[in-house]
Structure formats: C-alpha cells, structure tokens
Amino acid sequence: MSYWNNAFRTALMGSVAAVVMAAQPAAAQTKTFNIPAQDAATAIPAFVKQSGLQVLATASDLQGIQTNAVSGSLTNDAALNQLIANTGLTLKTNDGTSAVIVRASAAEPVAEADPQEVVVVGMRKSLRDALDVKRRNTGIVEAISSKDIGALPDVTIAETLNRLPGVMATRDRGNDSQASIRGLGARMVLGTVNGREVASSEPDRNVRWEVYPSEVISGASVYKSSEAKLISGGISGTVDLQTIRPLDYKGPNFVLRAGPVYYDGGSAFPDYDGMGYRASASLVHRFSDQFAAVVGLTSQVQKNGYESVQGWGYNSGGNNGAVIAGDATKYNTPWGAQAEAKRLKESRIGASLGLQYRPSDNFQLSYDLLYSDIKIDELQDQAWYGDGAWGNWDGGNLSNYVDGATASGHAPVINSNGDVVAASVAWAGDKSVVARYTEDKTLIVQGLNGKWTTEHWTVSADASYSKAQRYNLWAANEFAYWPSLMTYDFRGKPVITVSSAPEDNVQTAQGGQTSLGAVTDELGAIHLDAERHFDSGFFKSVLFGARVSDRTKALGSLDGTVSPIIGALPDYLLSSYSFKNFDIPTILTGNFGALATHLYGTSFDIDPKTTPITDRVKEKVAEAYVEGTYATTLGGIPVDGNIGVRFLDVDADSAGTSTIAGDWYEATPGNWVQAMITTPATGGTSYSKVLPSATARLDFGNGQYLKLSAAKVISRPPLNDMIITRQISSTAPYTGASGNPYLKPFEATQIDISYENYFNKDALFAISAYHKDVSNFVGYATRQETINGNVYTLTSPVNSAKGGRIDGVELTYQSSFGFIGLDKFGIYSNYAYVDSDLTEMSAGLPLNGLARDTAAVDFWYSDHGIDARLGTKYHSEYTAIYGWDDSQLIRVRPETTMDFSISYQINPTIQVRFQANNLLDTPLRTYNDNEPDRLGRYDLYGKRYLLDLTFKY
C-alpha cells in the first residue's frame, strides 16, 4: 500500500520574481486609489496600475506579507507609504518615477527618529512577527514566530502553545503535553506539520506536542476559525507547526546550542540524579540561488523524579456498607490508595531536513523531514494501601473499621456526601512494589511539494507520509506486610500512617505482574490544488483542491503474572526512605533486577516489540474543496476574506476480537478458571459531510480590523474508541464492554467575531467571541447491539443524542511600555472565558477540556542583547482524560504556574540562556467522580532549571 498526502494550506504568490511596470512621473499628483488589504504579491501590481509608478520588489521579499488597504484621493508617495506601513516592508529608494521595496530586515540601516528601532531581534522580533501573521489572516488565528533557529524561549513547542489565548496544555511527568483549545479537549484538536496531518504514537489521534523540540520549529499557527482550504478534523482548532524553508531563511547559517538541565522534584530519593542535558545543531547552506538545504540534529537526556499520592476511586454503588459500630448506615469508602516515587530517564534524539529547489520563478520543489526517537526508562517505587480492607464491599470490612476506630480512638470522618474521607482500619495491607517502565517511541514525518506558477495560475502537488510507533513494558516486583493499624486522611494533602514502619516488618513475597503495549500509526496522503488569480473583479482568486489520505492505527497489549519462588524477602535486598512532601509511611526500594531474580527467578527481559497486534482501524478520507478569496469595499470600508465549501467522504473499518465468557472448569485441583472463547470481529462506518465556511475582514485603518467567520466543522472520532474489540457474556442478561466502530464524527456549527487593534509594532488589543453548536460528541454510556442473534447491552463509546453549545470570549493585550518611557519593557497577556451546557455522560462531569477561565501574563525586557521573560499561566478547574483510556475522566483542580527565562547575547555569535520552570512548585491535583473529596492524584513535580550556550554563525 502506498501512503501519500497533504493539505497545502494557502497558495502563495511567491513565484513572481519582480514587479516592474512603466509609469509616467507623477509623484506629486493626487490620484484615486482603491486597493483592499491583501497579499503583497497582488497588492503591488494593483498599486502600479493605479499609480503609474514603477515599483521593483523581489518575490521572496513579498512572500507572506499582507499589505494595508488604500482608498481615497492621495499622492503616490502617501499611498505607497500607507500601503506598506507596519507590514515588514520598507521603501528603499523612490525618485518619483520608480521605487524599490524590500523587507525591513534586508534594508540598509537608515536614520530614524529612534535609531534603536532599526534592528529588532530576539524575543521582541518574534512577538512582532507573530503579530504580523495574526494580522494578515482574515480568520481568527494565533501565531508563534521565530525566524532564527532556536530563538523560541521554551524547551518544547508545547510550552509555547500553552501561553496562547484559549489554549491549555495538560501536564505529564512534569512537562506540558497535549493541548485543548476553546474548551474542547485534545481529542478534538487537529495537529499538522507544514499543513500536513501527522501520525501519532497515542492510541487516539492526539498529538503530544512535547515531542517537537523548539529548535526545529520556525513557527506555529493555531487556527481557531475554519475555512475550506484547511484539512477537516479540528472542531476546537488546528495547530500547524512550520519548519524552515532554507531558500527563504535569512538568519544565521549555523547554530549550535548545548547545556545542562536539572530537575529537583526527586531530590529526596536515594541515589537521585536529576542532571541531564539538551543539545542541538542546525546548518543552513545555500548551494546556489536555486538550491538550499537545512539540517538539524537534537539530543536530550532528561532525568527527573517526582512524588505522587493517588486514590483508587470509591465504592459508592449499591453494595457499599456500614463503617461505624451500631450504625447500619451505608457509607462510600475508598478502594485504596498508592504512593509513588518515579525516577525517569528520557533520552531523545531528533533529526530534521529541509531541501528547497527553485530553478526558475515559475517552479519550486521542497522536501522536509522530521524524525524523533524517544526512549523512557522509569523506575517506580510504589506502596499500595488497603488490600481490600478499605473498600468495604457489602459491609464485609465493618470489623476492620470498628477495630481501627477502637485502636486509634478516632471514628471515621464522613462528609456530607456520605464519603468516608478519613478513618483508621485494622489489618489493611501495605504492599510494596518495585517496578520498571520502559517505552520506545519513534516518529517520522516527511513531505514533498511541487509548485508551478503562471501569470494567472498557481498549481501545487503535495505528497506526505508519517509513521509513529510506541512499544512499552511495565514489570513489577511485589511484596507485602499487614500492619495492625492503618490511618488515611484525604482532607487536603493526603496523609497515610501505619502502626509499624514497613522496614520493621517481614515482607511476604507476592505475585509479580507484566504489561506490554504497542501502538503503530501510518498516515499517507496526496493533495492537489490549483488557484486562479484575477486582475480585477470581486474575487481575487479561486482555489480548487482535492486530498486523499489512508491511515491505519494498530494496537496491541498483553498482560501476565508470575508466581514467587520464595516466601519471605531477605532484608539485605531492601532499603527505605521518606518522601519530602507527603506524610506517608517510608517507601521500600531495591535493585529491580536483583529483586526479580530472588522473587521469581526471572529478569523480566521481555521485548515489547513482540506484543501481539490485535486491533486495527483503517480510515480512508477523500476531500475536495473550492474557496474564493475576495476583496471589495462596504460603505467605503475595505473588506476582504474568503467563501468556500469542503466536501468530505470517510470510510472507516475496524478489526479486532470478540471474547465470550464461557463455563468454569477446574484447571488444577482447587483452581477454577473460566473458559474464554475468542473469535475475530469486524465492523465499520462511512459518512459524507458538506462543510461550508466564510470569513470577512473589515479594515477600519490605523491597524484596526473586525473579523467575522462562520463555518461547519467536524472532528473524526478517536481511533481507539472505534476499535470493535469486545468482551461479552454467554448467557442472559446479555451484557458486555466494547469499542464502537459505528461512531459518527463530532460536529459543530460555529460563529467567530474578533476586533483587533494593532496600535504599535509591538502592540495589540484584541477581543474575540465565539459560539459553537456541538452535536455527536463522544462519551461512555450503554448502547444496544445484536451479536450472534442476541441483543446485548454494551458499555462503550457512543455519540450523544443531545447536543449543546459552547460560548466564549478571549481578550489579548500586548505592548511595550513605551507610553511611560520604558520602551524596552513590555507585557504579553490574555484571558479566556468559556461556558457550555454540554456535559460528559459519566457522573455529570463538565465537558472534557473545558476550563472556564484561563489567563496568561508575561512581562518581558529586550535590549542590549538581553531577552528576559517572567511568565504566569492560570487555569480554573477542568475535566481531563488521564491515561490512554477515554473512560478515565478526572477533574483537575485550578493551577497557577510561573516560569522565568533570560538570555544574553554576549557578541554576534555567542548567547547564554537560563530558564527556571514551575517556580511555584505547583502540584497537579485531581479528584474522581466529580466529588472533590475523592482523591485522584496529588503530584509534585518540582522545578526545572536549564542553562545553555548558543553559538551562531
């Protein structure tokens, strides 16, 4: 099978080598102009026709530039200055009959009122470039820009995305990871690289943005509104990462960066080493004016540890029981809890390649590749508390609670919901687990694009292929003892105490466990489009396009157990230590391999790549679209935008297994097991959608715009939810659990409006509002399906029969403090509010990914080679999926995080940078079942410090 693809997002007019038109000398004459805001490549010819002035400009300088609207009776000089004001273009020469326009970065330094403004670099330049991208788009877009390799002030692109308005990144192992946009979770965000949909090593479709180091990214765009030319799939938004185009690149040719990284979260752990490093090297070489290449290499070793206490949920069903002597009232009790110390070593190598060939003004060919290989080796010291004595199934552990209350002198504490949140329990187990988790994931993303231009046509052909793989193994040594008294208290920071410390007791060997997992994802696509440009009329261009893609997601898992070969564990194999942040019993640890050999006679040396692949989802997508770009005036106000429609056809098929629980039989004397009959199962769905869209941008002059957008959008269902694999009963009542290969896509009709005021080169005030009518969102509930002639009630992912709305407002303000005489200082800030009547189907939880309030405030300083930033990010409470199972919904408590970075350009070639992240040591705190007293997770990741040196040439 061949895999080809891509969506080439917008047809650029960069094929024009020069605009040269003869004119009559008439610099001082007043003429009537009517030029809407548009791409510079079409605006300059329009100006030439209306002014009669000869204008010279290279295609590379005009590429990606959006000019201002010009209307009314003006002189040529005034009209030209208005056309290119604050666009990044500058007037190099103008003798009244001819003019030369170049990019500001290419212009020779000239005397200005503020000579320090001639060259702006570093963080301030990136902020300006991002504003320029946002302003040029007729839709609602957030942008990140870095023209120099490695100039972004963050370690991964996930950290940068997290500071954008309406964007929120979840934390995993202390690092920002997946992103939600505008109140919709990561499963409804479409991730692309250079406009191409990419494979993912996650079981669903989610992109883990920390996979992409900032060194290989030149910019990113978050498309919040939609238009026909964008690949369908992002209800909440589309995040597109851009890599460097070497012929268009104007930064340093060679960049080398390296330095240490230290995490202090595991400083209380024995033999903890939190010191790692990051290193990268990039080379851009122009072989000729027609051919150039960029090559990048990155390497990272991250060593971090963190402390965590986690709850296992509550027995809150009909079979809970009494916990107080003489009181028959049934209360909800926790199943158990665990403390965990994780010591992680993550090694990553990455490579990037970009080739660009432009033999003529009419043709160019480009190829780009990203490769990443991440290996995780994680040692886990865990303690599991409860061992069945906490959960009190049907009152079976009443005596444990009564004896515990008598021994401690404290009765259980019960909240208003009937949950036991603090109690003492007799003879509850304290099981120690010394485990090891390994993970190896690789990603390759590549694409080939050819573009041809004529006087009126731009034609593009694009082929892409990406592949992601992940293989993981968890193996555990387990041993236990049973203290006479154990106390837990989940009010505030969790507390667990025991009557005698683990190291003072004989540890009894328990059965060990292994768990293997595998994910592979391949995605190929072909994308063709053709754009017809018009010299006059309402429509400036019409874009026609088609895209086909072929994707296969495959999953596998295998769990196993191993029996101990000894009864009690020798003391010399174990040592103990205490947590720094939690009041819990001492944690036992030991050499993982030595423990496995003594306990089970094995080394757990299992190759995760042997994991059997049992589940597959194949998805074929065919799309066609047409989009017209227009420019006109409305009541004397220049208006431009686009109108289009995208046609979508999807075929998805799932192959897995169906397991029926059969009869019980005695496998060995006294050992009864249930027969499981497994057979292949298949299923699938197909659907077609019509997705219209329109945008309009009104230019009120002086950098003020009003943007309007309306669109029908979809997100295809998570691929792991579409797996048919099921486990069902053999007799009535017919029940079971399964995936759902018949899921329909999430759908939404959305309206966006945004007022944007670019009142200075560094400055923006924007307010955006949006409304989404959402239907078919996916959650976990029950559905009916006929299997083997019997109607089964299956717990599975389903489409909600009830729709709902999402409404939000976003505010952005950024500016230097020049208005108070502090031009080198500035602020970047945003606030977003989201409201929705949608809820998940589990426990009435608010919609996954919806935080009502998010805010970011960055204060920056940029001058004399110094770039400094102090940034704070806040989010209110929200629902999240924790782990690889979409049914594992939790509530994340509010968080405020703070980061600091500073860099100093010692000379034109050498820069030093320091970063400190999570300065407030903000914990990750979650709870279960939408009940705040039901402990989910309480993780303390600690701080991260980075120091590196950059050499640029």
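Val239 touches Leu161, Ile181, Val189, Leu190, Gly191, Thr192, Trp209, Ser221 and Val222, leaving aside residues up to four places away in sequence; contact means heavy atoms within 4.5 Å. The model is predicted, so local features need pLDDT of at least 70 and side-chain atom pairs count only at pLDDT 80 or more, while totals for chains, interfaces and linings use all residues. Residues are numbered from 1 along each chain as its sequence is written, and side-chain values use heavy atoms, without hydrogens and water.

Val239 is also among the residues with the most contacts inside the largest nonpolar core, together with Leu161, Trp209, Tyr212 and Leu241; this core has 37 residues. A nonpolar core is a set of buried Ala, Val, Leu, Ile, Met, Phe, Trp, Tyr and Cys residues joined through side-chain atoms within 4.5 Å, where buried means under 20% relative accessible area (1.4 Å probe, protein chains only). Elements giving two or more residues to this core include helix 5 (157-161), strand 14 (237-242) and strand 24 (429-453). Strand 24 gives the most, with five residues. Apart from this core lies another, of 34 residues, among them Tyr263, Phe490, Phe582 and Ile587.

Across the whole protein chain, the secondary structure comes to seven helices and 52 strands, taken as DSSP runs (helices H or I, at least four residues; strands E, at least two) and numbered from the N terminus. Of the 953 residues, 57% count as buried. Residues 24 or more positions apart supply 73% of the contacts with a separation of 6 or more. The C-alpha atoms fill a box of roughly 105 × 65 × 50 Å along the principal axes.

Technical notes
Buried means under 20% relative accessible area, exposed over 50%, partly exposed in between (1.4 Å probe, protein chains only).
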